Amino acid sequence: MEKCTNLAEMKEWCRAIPKIELHAHLNGCIRDSTLLELAKLLGEKGVIIFADVEHVIRKCGRSLTECFQLFDLFHILATDHETISRITKEVVEDFAAEEVVYLELRTTPKNNEAKGMTKRSYMKAVINGLRSVDTVDASFINLNGKTESFCEPMQKSCTTCMEKKKIYVRLLLSIDRRETTAAAMETVCLALEMREFGVVGIDLSGNPVVGEWDTFLPALKYAKEQGLPVTLHCGEVSNKMEIQAMLNFSPDRIGHACFLDEDDWEKARLSQIPVEICLTSNLRTQRLSSIHVHHFANLYNANHPLVLCTDDTGLFSTSLSNEYYLAAETFGLDKKDMLQLGANAIEFVFADSEVKKAIREIFRAFERRLTDEFPSWKS
Ligand SMILES: CNc1ncnc2c1ncn2[C@@H]1O[C@H](COP(=O)(O)O)[C@@H](O)[C@H]1O
Ligand SMILES: [Zn+2]
């Protein structure tokens with residue numbers, strides 16, 4: 001009985017503490033309700049057969065291959081600019097609702113001639129989505145290159161902004177592993193161009209069994225030369241040569257890292273590369289036999305830099321609070337550990353030092369409030 005209470009308390013704690021999300025794919029985080037609504041509309045227009053799609057969207061537990069088939073479907077459902085703006089707005093609001101105070105949202109800019117879409121216009125639609133967020137107070141950088149800041153918190157007269165949840169949002173542009181060197185380079189150039197609009201880095205993602213490292217290397221090198229941080233999906237499947245090449249590249253962060261051998265870990269340890277841990281994603285895509293053998297435990301015990309992330313909240317029906325709870329419950333971490341784990345992630349964000357300072361203050365304010373209300377909460 002006591003354990004139940006403790007678990008319920010821990011669940012509530014994981015929801016309530018401020019959190020940082022560094023690995024979330026826009027199209028993997030679409031709400032199921034939005035996907036079904038979009039599918040219904042396309043069904044009515046005869047573009048798809050709704051009954052077939054409904055079954056795919058509602059399915060639980062997918063293999064990695066099925067996930068990538070589903071992404072192709074998501075991209076059919078969410079192709080026009082308006083839909084991209086809508087899902088961006090919803091995803092930001094969903095993260096803010098569960099106390100995510102800094103979100104690095106990644107997405108793959110897409111060309112789609114039939115929809116009159118270029119990578120640049122796709123990104124403009126994402127920015128428009130950020131601009132349209134109104135149920136929470138989102139801070140990003142707007143199209144004029146000015147920082148879109150929160151309402152002045154001391155403005156006591158403005159009660160709505162005092163009550164709204166606040167979230168910093170920054171963007172990573174993803175290179176899809178199906179892309180050519182030229183397409184990858186186009187994405188890096190776009191990211192550099194859009195730095196003033198909140199783009200803070202580059203990600204390499206997509207089906208891990210597709211594409212060759214050498215194809216993306218020139219673009220990733222260029223990003224690095226230009227001072228644009230890079231995070232790589234690394235070792236999501238077993239591929240020794242690629243994992244070694246990726247670690248030799250010295251990325252600023254890596255995601256997943258499920259199939260690193262001891263010598264790879266040694267290298268990652270030496271360079272202290274932060275690891276984006278996606279527990280549910282790894283479990284659902286059968287990257288490991290059980291959560292109890294997840295490399296989180298070893299990394300955590302060795303004090304290796306790591307951050308808990310969701311990967312795809314929609315696809316895997318999860319949330320960042322849920323990922324925190326899963327880690328706490330599985331690896332026996334307490335409230336203080338979880339808050340500290342969240343705060344550690346501040347050092348791995350790609351945003352500038354001003355933003356880091358602001359997030360540090362959010363964590364400090366949370367601790368101060370707690371200490372005032374429950375002086376013994378840490379013991
Ligand atoms: C499950 N693990 C994963 N491994 C690798 N890539 C993944 C992924 N989950 C998502 N993506 C990448 O993100 C895209 C969807 O968001 P965007 O269209 O970019 O917003 C997918 O098409 C894939 O390229
Ligand atoms: Zn991912």
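Helices (H or I, at least four residues) and strands (E, at least two) are DSSP runs, numbered from the N terminus. In this predicted model, local features need pLDDT of at least 70 and side-chain atom pairs count only at pLDDT 80 or more, while totals for chains, interfaces and linings use all residues. Residues are numbered from 1 along each chain as its sequence is written, chains are lettered from A and ligands numbered from 1 in the order in which they are written, and side-chain values use heavy atoms, with hydrogens and water left out.

**The pocket**
- α4 and β2 (100-107) each supply at least two residues of the lining of the second largest pocket, and α4 gives the largest share, seven residues.
- This pocket (an open set of points on a 1 Å grid over the protein atoms alone, with protein on both sides within 12 Å along at least five of seven lines; lining residues have an atom within 4 Å of a point) has a volume of about 370 Å³.
- Of its 30 lining residues, those closest to the centre are His25, Phe68, Phe71, Gly206 and Asn207.

**The ligand**
- Ligand 1 sits in the second largest pocket, where sitting requires that more than half of its atoms lie within 2 Å of the grid points.
- Around ligand 1 there are 18 residues (a heavy atom within 4 Å), the closest being His75, Thr107, Thr108, Lys110 and Glu236.
- Helix α4 (residues 64-77) contributes three residues, the largest share of this shell.

**Atom pairs**
- A polar side-chain atom of His25 lies 2.9 Å from an oxygen atom of ligand 1.
- A nitrogen atom of ligand 1 is 2.8 Å from a side-chain N or O atom of Asp312.

Key
A polar contact is a pair of N or O atoms within 3.5 Å; within protein, one must be able to donate a hydrogen and the other to accept it, and residues adjacent in sequence count only if both atoms are side-chain atoms. On a 1 Å grid over the protein atoms alone, a cavity is a set of points where a 1.4 Å probe fits but cannot get out, and a pocket is an open set with protein on both sides within 12 Å along at least five of seven lines; lining residues have an atom within 4 Å of a point. Grid points are joined across faces, edges and corners, and a volume is the space filled by probe spheres set on the points.
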